[in-house]
Amino acid sequence: MVFVDKYAIREMNETIVLEHIVNEGPLSRAAVANRTHLSKASVSEIVRKLTETNLVHEIGIGDSTTSGGRRPIMLELNKHAGVSLSFDIGYNYIATMLNYLDGEIITEQIIEDIEIDRETLIDKIENVVMDYQQMIPETSYGIVGITIAIHGVVFDNSIVFTPYYDLAKLNICETLSERLGIPIYIENEANLSAIAEQTYSSNYKNLVSISIHSGIGAGIIIDGALYTGERGFSGEIGHKILFPDGKPCPCGNHGCLEQYCSEKAILEFFNDIHQSTETTIAQLKSAYMAKNPAVIELIDKAAKYLAIGINNVTTAFSPGVIYLKSRLTREIPDFLDKINSNLNSFINEDVELHNSSLGDQATLLGASAVSIRNFLRIQSMRVQR
Ligand SMILES: [Zn+2]
């Protein structure tokens with residue numbers, strides 16, 4: 001017989017009650033008891049504790065029961081009990097977002113065109129946190145957690161591999177949590193985008209979010225949980241080999257998908273067409289709209305290559321929906337349609353393909369969900385912002 005002490009059970013029940021209130025609230029105590037199969041007495045006791053600690057609050061009066069019973073008091077997550085702070089460390093920018101505990105955005109900022117290097121990054125993050133601490137609204141818990149998105153492979157709160165900046169094995173979590181006294185989490189950027197879709201937008205339990213920036217990465221949610229594999233390399237679809245013996249890639253292989261159709265790769269191809277060393281998506285878009293034949297060919301090819309990557313994702317995971325997080329597929333008018341027209345196999349028939357409804361905010365919103373879930377100690381969070 002497995003021995004579980006009563007405190008562990010009480011804690012587990014607290015988590016279950018809170019999860020229902022967060023995801024389905026406002027709920028009455030009776031409705032919580034119903035959904036959790038806990039006794040009304042247990043629910044009342046747990047709710048007393050959750051209200052005392054300010055995590056849950058009572059709001060007004062719910063609808064009266066059909067049998068004419070007393071109108072119940074409704075319970076809701078006290079979203080103003082604390083805030084989450086999130087960072088997205090791009091290869092030349094730091095974006096941040098401050099959220100209440102239901103994901104509501106309080107403010108967001110971006111520092112652009114900066115050098116990201118392992119010598120100064122931790123200090124830079126610390127400075128931004130200090131600035132935020134001057135301006136955060138007054139709450140019971142203050143900043144409940146800081147989640148940092150890394151464009152590279154992250155596993156078990158440590159950085160394994162970053163192809164476009166040098167942060168591997170940098171001890172961000174321990175150093176910052178010691179300095180700031182706040183829990184620090186790091187996660188792969190695409191994984192966070194997938195968590196954002198799951199938390200704030202999608203009804204699918206099996207979904208993939210593909211981020212197309214400097215590289216190409218996928219966040220994979222299977223049966224409602226993030227799938228990272230044994231060492232964190234799952235979802236590194238930018239390094240699927242498209243052309244054996246093709247262009248060299250920082251991962252050590254040749255011909256990787258992201259060398260042909262990441263945002264960075266596409267803009268590099270466009271540099272040649274435009275005879276420039278640095279081009280923008282806006283310039284690419286206007287050349288495409290002006291029907292520049294070389295640009296149309298470039299986009300057609302990229303759509304074909306991305307479709308190959310997407311087809312591979314579907315054969316591996318069979319998701320219900322795939323979200324693309326990419327400025328290119330959002331900005332270039334029929335890019336998404338062109339990708340779709342290359343997905344002709346019956347394998348892809350029932351898989352929805354959309355631009356992320358959360359757009360550029362997906363990564364930071366996913367990061368907020370990680371901080372909030374850890375703070376509330378709940379497994380799943382599904383909220384309407
Ligand atoms: Zn590679």
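**Figure 1. Overall dimensions of the chain.** The chain contains 13 helices and 15 strands, where helices (H or I, at least four residues) and strands (E, at least two) are DSSP runs numbered from the N terminus. This is a predicted model in which local features need pLDDT of at least 70 and side-chain atom pairs count only at pLDDT 80 or more, while totals for chains, interfaces and linings use all residues. Residues are numbered from 1 along each chain as its sequence is written, and side-chain values use heavy atoms, with hydrogens and water left out. Along the principal axes, the C-alpha atoms fill a box of roughly 70 × 50 × 50 Å. Of the 385 residues, 50% are buried (buried means under 20% relative accessible area, exposed over 50%, and partly exposed in between, with a 1.4 Å probe and protein chains only). The chain exposes about 18,500 Å², of which carbon and sulfur atoms supply 48%; accessible areas come from the Shrake-Rupley method with a 1.4 Å probe, and for residues only the protein chains shown count as cover. Among contacts (heavy atoms within 4.5 Å) between residues at least 6 apart in sequence, 62% join residues at least 24 apart.

**Figure 2. The zinc site.** The zinc ion is coordinated by His239 through ND1 and by Cys249, Cys251 and Cys256 through SG, at 2.0 to 2.3 Å. Donors are N, O and S atoms within 2.8 Å of the metal (3.2 Å for Na, K and Ca); water is not among the atoms, so sites may look incomplete. Along the chain, the donors follow the spacing H-x9-C-x1-C-x4-C. The site is tetrahedral, with angles of 103 to 124° among its four donor atoms; four donors count as tetrahedral if all angles lie between 85 and 135 degrees. For four tetrahedral donors, the ideal angle at a metal is 109.5 degrees. Cys249 and Cys256 are both buried.

**Figure 3. Surroundings of Gln259 and Tyr164.** Gln259 is found in helix α7, residues 258-261, and counts as buried because its relative accessible area is 12%. With residues up to four places away in sequence not counted, Gln259 touches Tyr164, Lys247, Pro248, Cys249, Pro250, Ala265 and Phe269; one of these, Cys249, is also a donor to the zinc ion. Tyr164 is placed in the loop between β9 (158-161) and α5 (172-180) and is partly exposed, at 22% relative accessibility. Under the sequence exclusion of up to four places, the residues that Tyr164 touches include Tyr91, Ser214, Gly215, Pro250 and Gln259. The C-alpha atoms of Tyr164 and Arg48 are separated by 50 Å, and these residues are 116 apart along the chain.

**Figure 4. The largest nonpolar core.** This core has 46 residues, and those with the most contacts inside it are Val17, Leu18, Val22, Tyr200 and Leu376. Helix α13 (residues 362-376) supplies the largest share of this core, eight residues. A nonpolar core is a set of buried Ala, Val, Leu, Ile, Met, Phe, Trp, Tyr and Cys residues joined through side-chain atoms within 4.5 Å. Leaving aside neighbours within four places in sequence, Leu18 is in contact with Leu50, Leu55, Val56, Leu376 and Ile378.

Figure 5. Most residues other than glycine have a negative phi, and most peptide bonds are trans. Gly25 and Pro26 are joined by a cis peptide bond, with omega about 0°; Pro26 is placed in the loop between α1 (6-24) and β1 (27-28). Asp223, in the loop between β12 (216-222) and β13 (225-226), has a positive phi near 50°. Asp223 counts as exposed, at 57% relative accessibility. Lys291, in the loop between α9 (281-289) and α10 (293-317), has a positive phi of about 60°. Lys291 also counts as exposed, at 63% relative accessibility.

Terms used: Four donors count as tetrahedral if all angles lie between 85 and 135 degrees; four count as square planar and six as octahedral if opposite donors are over 155 degrees apart and all others between 65 and 115; anything else is irregular.
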